[in-house]
Amino acid sequence: MQVAPDTVVTLAWRLTDAQNEDLADDEAGTDFYVGGGDLLPAIERDLLGKSAGDRGALQIEPPDAFGDYEPERLRMEDRSLFPELLEPGMQFEQLPPGCAPAEPGSLFTVTDIAESKVMLDGNHPLAGMALRVHYRILEVREPDPDEREARSALLEDVDSGMFLVKGSG
């Protein structure tokens with residue numbers, strides 16, 4: 001079977017930055033639904049027509065990956081609005097009441113905490129980075145009914161999406 005829209009592809013993959021520094025990998029394999037929001041479009045295009053056993057490698061520039069880094073997505077909020085337990089690296093899908101409004105679907109990472117302020121970054125952690133993807137196709141199959149309905153094979157593991165389309169997940 002070949003990779004096409006409305007198939008599920010199992011990939012063993014490695015993701016690096018442009019200097020070949022490892023960012024993430026999964027040699028055991030991750031399932032991705034082709035034609036939904038599981039994969040960046042550049043990866044989907046590269047996979048189309050390939051079969052189990054095929055390999056690929058591609059470099060994806062920031063505009064085609066997770067976007068350019070946007071300094072205006074940095075924000076400072078009052079520390080008192082956040083839970084007592086707060087540390088750099090924590091992420092918020094929804095900011096606490098009292099914070100400035102955010103775009104729907106934004107994810108904010110705490111980057112710094114001062115006595116009365118919290119610095120948040122609304123950029124994707126990989127924004128502004130050129131990415132290199134190396135993969136091997138382990139399997140291509142029909143999606144099960146739940147995957148087809150959700151247009152995603154990441155039903156159990158939303159965070160496996162190093163390949164997730166910007167704004168999904």
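How many salt bridges does the count come to in this structure? Here a salt bridge is a side-chain nitrogen of Lys or Arg within 4 Å of a carboxyl oxygen of Asp or Glu, and by this rule the count comes to 10.

A word on the basis, colleagues. The model is predicted, so local features need pLDDT of at least 70 and side-chain atom pairs count only at pLDDT 80 or more, while totals for chains, interfaces and linings use all residues. Residues are numbered from 1 along each chain as its sequence is written, and side-chain values use heavy atoms, with hydrogens and water left out.

I turn to individual pairs. E77 and R75 join their side chains in a salt bridge, at 3.3 Å from N to O. E77 is buried (under 20% relative accessible area; exposed is over 50%, partly exposed in between, with a 1.4 Å probe and protein chains only), its value being 7%. R75 also counts as buried, at 17%.

R148 and E142 form another salt bridge, again with 3.3 Å from N to O. R148 is partly exposed at 36%, and E142 is partly exposed at 46%. Through shared partners, salt bridges link D6, E142 and R148 into one network.

Next, the strands, which are DSSP runs of E of at least two residues, numbered from the N terminus. Strands pair if DSSP finds at least two bridges between them; six bridges join β3 to β8, residues 131–141, and the two run antiparallel. Within this pairing, G56 stands opposite Y135 of β8.

Key. Helix = DSSP H or I, 4+ residues; strand = E, 2+ residues; numbered from the N terminus.
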